[in-house]
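Please consider the local features of the following model, from its surface patches to its backbone geometry.

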Amino acid sequence: MRNDKGCSRWLVFVLSLHLYLGERAWAELRYSVPEEVKEGTLVGNVAKDLGLDKASLVDRQFRVVSGSKETFFHVRPENGALEVRRKIDREALCEGSGACVMELKILVENPLEMHHVVVEVTDVNDHSPNFGDKEQVFEIAEQSSPGTRFQLQAARDPDAGMNSVRTYTLTANEHFELDISQNDEEKIPFLVLKRPLDREQNRKHVLFVTAIDGGKPQRSSTLNVTIIVLDSNDNRPTFSLDTYTVEIKENVLVGVSVTRVNATDPDEGANGEIEYSLGKSSNKAHDIFELDKSSGLIKLKGPVDFEDSEIHKLDIQASDKGQPPLTGRCRVIVKIKDVNDNPPEIEVTSLSSKVSEDSKLGTVISLISVTDKDSGVNGKIISQISSDVPFELKPSYKENIYLVVTKEYLDREEISNYKITITATDCGEPPLSTFQTLNIQISDVNDNKPHFHQYPLNFYLSENNIAGQSVFSVSATDNDVNENAAISYNIIRAGIENDVTSFLNINSENGQISALKSFDFETLKSFHFQVVATDGGSPPLSSNVTVNVFILDQNDNAPVILYPVSSNGSAEGVEEIPRNMKAGDLVTKVRAYDADIGYNGWLLFSLQQVTHHSLFSLDRYTGQIRTLRSLTETDEAEHGLLILVKDNGNVSLSATATVTVKLVEPKEAFAASDVKSAAKVDNEEDNVTFYLIITLGSVSLLFVISIIVLIAMQCSKSTEYTSKYLQDANYDGTLCHSIQYRSGDKRYMLVGPRMSIGSTIVPGSHANTLVLPDRRHTAGERG
């Protein structure tokens with residue numbers, strides 16, 4: 001009664017626990033599938049058997065999450081079917097005749113559920129029984145009693161159950177019969193003597209033992225048994241155990257003792273002395289283990305590897321030294337325990353070694369997989385990527401498979417090459433790591449325009465340049481490479497009449513600019529144009545730069561005498577003055593003009609010839625002729641003066657004028673002066689006015705053009721730059737030019753014959769260039 005009550009209470013407890021945890025938490029399905037079936041063979045419908053909604057399997061990520069080291073099964077999310085993924089070899093997967101069971105975990109999410117599925121791999125008869133040796137020899141003493149048993153080699157069949165060895169048969173004979181003993185997992189055949197042997201009648205018996213399995217169709221193998229009849233001892237060695245079992249770690253050192261086997265023989269003398277030897281069932285065992293033939297001590301001869309084989313089975317034979325010797329056999333099973341002796345392995349499945357710098361975020365660069373031959377915690381892997389690169393690892397659909405993707409935007413001009421280090425570390429103790437380096441080249445796209453290092457570009461060109469020769473060059477750079485950085489140059493031409501750019505030519509490859517004409521400063525002071533630099537990308541990118549060209553004056557114009565008026569190639573004039581003139585009075589003034597400017601247009605006057613040096617003087621800068629003293633009655637009536645007018649260029653150009661001065665009485669001079677002045681006024685007005693109109697018209701036209709150019713320059717740049725052309729008469733009688741312009745913080749002026757007060761010559765500059773005080777800054781400072 002007590003037992004019945006206890007059972008009832010236990011049943012109630014189990015049912016209550018079942019209801020509390022829920023039916024799905026206890027769900028476990030069992031299937032079976034034969035080995036060697038084709039890929040895609042249906043094992044069972046897991047979703048149907050679990051009562052899951054097939055329509056939601058894809059959204060709930062219905063999948064197999066764990067299994068053996070090699071995945072043999074997978075599920076189809078669309079219908080919930082469990083299928084064979086790859087061919088299964090039961091003998092490679094499970095040793096022995098026991099059930100070959102694989103445990104799978106099926107996972108669904110939302111809500112999270114874990115289901116256990118057990119798949120039993122059933123055996124098919126794909127192996128024949130196999131004897132270790134094709135022949136076995138027995139030496140049997142003739143006095144052996146009937147019923148004596150002799151152990152035969154047991155045939156090995158990797159198949160299990162009915163497909164393994166089921167029986168043995170012996171060829172018909174009158175002396176021996178076969179007896180089969182069940183030992184552990186196998187059947188062991190024994191040869192049993194049923195009639196005494198008579199060596200004199202037959203000293204040798206040849207028998208055939210056949211091992212037959214239980215498959216359909218059956219498979220078999222034959223052992224040739226030779227019996228030599230001898231007088232021998234009648235006891236064979238016997239082991240203390242039929243099977244020895246031992247466990248060792250896979251990192252155990254070579255030479256370490258594994259175990260010791262022990263056999264005894266009740267015979268005395270040589271018949272009781274035992275020698276041990278390894279059987280021939282496994283050739284690999286001879287490479288890994290060695291057996292001391294005297295002591296039975298088994299040592300490690302070579303390294304063992306859990307990943308290669310988890311278990312080793314050794315057949316040990318003990319033989320005495322009797323005549324004939326008797327033998328006994330036992331089995332030693334050595335189980336290998338796993339240690340963390342294998343670092344993870346990183347396999348680069350695919351790699352894009354060149355990545356465009358305009359790749360989007362999340363672009364896949366590489367696919368890698370990591371594996372570890374160890375098992376359990378020793379085979380659990382954690383993968384990382386170097387943190388100083390714009391890439392990251394993203395887990396894939398399968399465990400230990402990762403995608404290397406971009407996490408930041410790339411810029412080849414900043415970094416053109418990356419070395420990515422992938423680190424895989426297992427969870428063993430101590431952990432082992434593996435490194436893999438990926439070299440990624442960033443390919444260029446045309447994302448940079450050509451760049452001019454100065455804007456605008458200013459060039460100074462001397463007039464009278466040789467037509468067709470290179471005058472200056474422009475240059476731009478591009479941060480891209482190859483064809484994206486191949487720059488071609490072109491001039492933007494306005495296409496209007498008298499466009500200066502029509503006289504310019506540019507080398508599209510190197511930016512050298514040549515002038516097809518010779519420029520004249522007196523006609524053109526400056527001009528500007530634009531150059532466009534275009535790279536070879538697709539689509540091409542370009543940028544413009546304004547080029548300002550300033551023509552520099554050369555001394556290519558000789559002075560022109562305006563008074564006295566030139567005739568027949570020489571300038572001659574006659575001046576009548578009264579004799580009552582005092583010292584310092586003005587006699588006349590020589591007027592001259594030079595089309596050049598600055599020092600090249602700065603005119604100096606000098607007396608080359610004069611009849612009386614003490615009577616007249618010539619102002620070097622103004623050309624005024626004055627008396628040095630008062631005139632007397634004794635002075636000659638006529639005096640000739642030869643005056644040289646030259647400019648201040650490096651190679652001076654000059655002109656001469658001849659002035660004849662006549663001394664007359666005051667009344668005559670006054671009367672003559674009235675008549676002469678009328679004629680002279682008419683004549684001078686005709687000549688001087690003509691030259692002045694041409695000169696002033698030219699200067700005014702140049703002034704207007706210069707103002708237009710400067711306004712355009714001011715509109716095209718933001719730097720402080722002013723330029724203005726001024727006409728200035730520094731003194732009476734000589735027309736001079738002065739050009740003032742500003743560049744940066746300095747103010748420059750090309751001057752005529754007389755320099756302004758406060759101006760200084762710039763060292764190293766052109767001889768006719770002055771630096772003027774910046775009154776704007778001065779005024780600002782004062783304010």
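D358, D411, E414 and D447 together form a negative surface patch. Patches here consist of residues with over 30% relative accessible area and no salt bridge, with like charges joined within 9 Å and nonpolar side chains (Val, Leu, Ile, Met, Phe, Trp, Tyr) within 5 Å. A salt bridge is a side-chain nitrogen of Lys or Arg within 4 Å of a carboxyl oxygen of Asp or Glu. Asp and Glu count as negative and Lys and Arg as positive, while His and the chain ends are not counted. Each charge is placed at NZ of Lys, CZ of Arg, CG of Asp or CD of Glu.

The model is predicted: local features need pLDDT of at least 70, side-chain atom pairs count only at pLDDT 80 or more, and totals for chains, interfaces and linings use all residues. Residues are numbered from 1 along each chain as its sequence is written, and side-chain values use heavy atoms, with hydrogens and water left out.

Within the negative patch, D411 lies in the loop between β29 (401–406) and β30 (417–426). Helices (H or I, at least four residues) and strands (E, at least two) are DSSP runs, numbered from the N terminus. D411 counts as partly exposed because its relative accessibility is 30%; buried means under 20% relative accessible area, exposed over 50%, and partly exposed in between (1.4 Å probe, protein chains only).

A nonpolar surface patch of about 270 Å² is made by F703, V704 and I708. Such areas come from the Shrake-Rupley method with a 1.4 Å probe; for residues, only the protein chains shown count as cover. V704 belongs to helix α5 (residues 666–716) and, with a relative accessible area of 44%, is partly exposed.

N110 is joined to P111 by a cis peptide bond, with omega near 0°, and P111 sits in the loop between β6 (100–108) and β7 (113–122). The bond from Y563 to P564 is cis, with omega near 5°; P564 is placed in the loop between β39 (560–563) and β40 (566–567).

Positive phi values occur at two asparagines. N400, in the loop between β28 (391–395) and β29, has a phi of about 65° although it is not a glycine. Is N400 buried or exposed? N400 counts as buried, because its relative accessibility is 18%. N482, with phi near 55°, is found in the loop between β33 (470–473) and β34 (488–492). N482 is exposed, its relative accessible area being 63%.
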